[in-house]
Amino acid sequence: MKESFRQSMAWLHTWTGLLFGWLLFAMFVTGTAAYFQHEISRWMRPELVATADPVSATQAAITYLRTREPDAESWFITPPSARNPVTEVFWQPKKVEGQPPTRRKREETSATLDGHGHPVTVRETRGGYFLYRFHFDLHYMPVMWARYLVGAAAMFMLVAIVSGIITHKKIFADFFMLRFGKGQRSWLDAHNVTAVFALPFYLMITYTGLVTLATQYMPWGVMANYASTDTFFEEVFPGRADVPRSGVAAPLVPVSSLMAMASRSWGGAGVGFVKVANPGDNTATITITRAADTAIAARGESMVFAGPSGTLLDRHVPEGGALATQSVMVGLHAGRYAGWGLRWLYFLSGIGGTIMVGSGLVLWTVKRRAKLPDPAHPHFGFRLVERLNIAAIAGLPAGLAAYFLANRLLPDAMDNRAEWEINSLFLIWAGVLLWACFRPQRRAWVESLSFAAALFAAVPIVNALTVSRNMLTGLVTGDWLFVAFDMAMVTLSFALGWAARKAARVELKATRSARQKSKELTTA
Amino acid sequence: MIHIVAICAAILGFGCLCAAMARHQTDMLGRKLPSPVQQQFRRAGGALLLVALAIDMAGLGIAYGAIAWFGHLTTGAVMVLAILKWKTA
């Protein structure tokens, strides 16, 4: 029998979607959360309240680094911004001759400072940054492998989108088609509606996601033209070359006038990043990079100044059509330029993508259950998909809530505290997977979804009991971040609770009809 | 503010497009439309979506506005679907 083109596309859509569906679901959840990574980080470090002026904070950070790490190879400073109240600094320690650079712990080469250059005492956490990194680096595995895996998933996503568009016969005729309470038909409607409504976003986010790691996935262009990838990056993003120290000491000029000058030449845009190479030496340079929140293109311009004199040495603007295109694509993906309105639109589109992937996964089982030879005892593959669906769709949100709860409940002085927050996420996630494996499928859905809903409901309560900032105090003092976060937790809790109730109704109906059937059998 | 205005235009636009579809007319308007009127609704809907684009580009800049427009279209379509479900519930 010759298959039609559309049928073969439907096959492709079904199986590419299924194979990476669970990973894609996790990428959509954490990637969507990452649009608010700074806000999540602020919530997870409730001790930080005051904001500081970026220019004086940078100067204060330099004073701190001069006392603490005078011979470092270089200092890296991220000034405070509207979305992050503290100065983040890290440094590259001095290399010892003849010794390979030793791997050091994060806290040995970095610090978080307030506006006056004093280290802040704050609970150890990786905050929203972890969720951002997880959506392309995963966890507990080498980053390079993770990125190949994530890249393969994104490639399959692109295939699933294109084949999905071809499979969906009536994109326009069925545009507003959503029928409730019709089993498989309803799942298909939900999948279609979430897919079609934000289709341009999914195409953009998947394609640009691949572009962000294109040099890893398609290295051959670079390999053919450059001796090593380092030489390539050196040419594309100059200013990385290390100049040896001369040994002649020279003080740094105040950084404030340089920052003001850079900001003026970028039409008032803020400073995103300051790097000081060879600090304290007369070969010192200060590189100032434009903040990413003022232009769509992600790769900001930078200016290089001589450390002792403050004269402008170099001005770097990304050049060439290819680089500009890549820069805009990465910018579109990360959305760092987006203001509040657009950021929420990104976030809601991301939620749409999460529902699209989730409903697609469920649809796979709904469609096949009726056709099983013995629906009461499905084969192994079917059961595997069922259980993984529960683990992904209910388990990951539960893990996310556990991550937030762990942030409030783990003791401040705990060793490896930040890592244990992350472990909590995966422990709960794995727990839900195990639970789903040993419970009847329909019960497992109800229980896992209720569990996730309960954990999200617990977040505002535990927060109110452990720290002094919450929704109520926020409403009084205008601390909108804490109001919004609690609201988001309550909304997620309601949404998961609603899903649990729906699942419970289905379960009730199924047990009733099963009872009916067995009764008929016994009376017959 | 621009976001809200553009979303309103998108809701009106998708609302007209939805009302122009035979299967949703009774739900949206309570009656069937003759086909020339249906045609007018369709044109008005398309025009309103372009108006949303114009509002976005004028208010937020050409590039930024174009990106925001896609988000506003999504929001508008979701709202119209919500209205449709609410009217039939």
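The buried residues of helix 12 of chain A pack against helix 7 of chain A. The model is a predicted one, in which local features need pLDDT of at least 70 and side-chain atom pairs count only at pLDDT 80 or more, while totals for chains, interfaces and linings use all residues. Residues are numbered from 1 along each chain as its sequence is written, and chains are lettered from A and ligands numbered from 1 in the order in which they are written.

Helices (H or I, at least four residues) and strands (E, at least two) are DSSP runs numbered from the N terminus. Helix 12 of chain A covers residues 321–334 and spans 20 Å from its first C-alpha to its last, close to the 20 Å expected at 1.5 Å a residue; the expected span is 1.5 Å times one less than the number of residues. Its buried residues are A:Q326, A:M329, A:V330, A:G331, A:L332 and A:H333. A residue is buried if 20 or more other C-beta atoms lie within 10 Å of its own, exposed if 12 or fewer, and partly exposed in between, with C-beta atoms placed from the backbone. After helix 12 of chain A comes A:G335, with a positive phi near 65 degrees.

Chain A also holds an open sheet of 7 strands, ordered 3-2-1-4-5-6-7 with antiparallel pairing; two strands pair if DSSP finds at least two bridges between them. Strand 3 (110–113) and strand 7 (312–316) of chain A are at the edges with a single partner strand each, so one side of each lacks a neighbour in the sheet. From one strand to the next, the twist averages 15 degrees. Angles run from 0 to 180 degrees between N-to-C directions, and axes are lines fitted to C-alpha atoms, for helices over the stretch in contact. Strand 1 (residues 74–78) and strand 4 (residues 271–277) of chain A run antiparallel and are joined by 4 bridges, with A:I77 opposite A:V274.

The contact between chains involves 12 residues from chain A and 16 residues from chain B, where two residues are in contact if their C-beta atoms, placed from the backbone, lie within 7 Å. On the side of chain A that touches chain B, helix 6 (184–197), helix 7 (199–212) and helix 13 (340–369) of chain A each give two or more residues. Helix 13 of chain A supplies the largest share, 4 residues.
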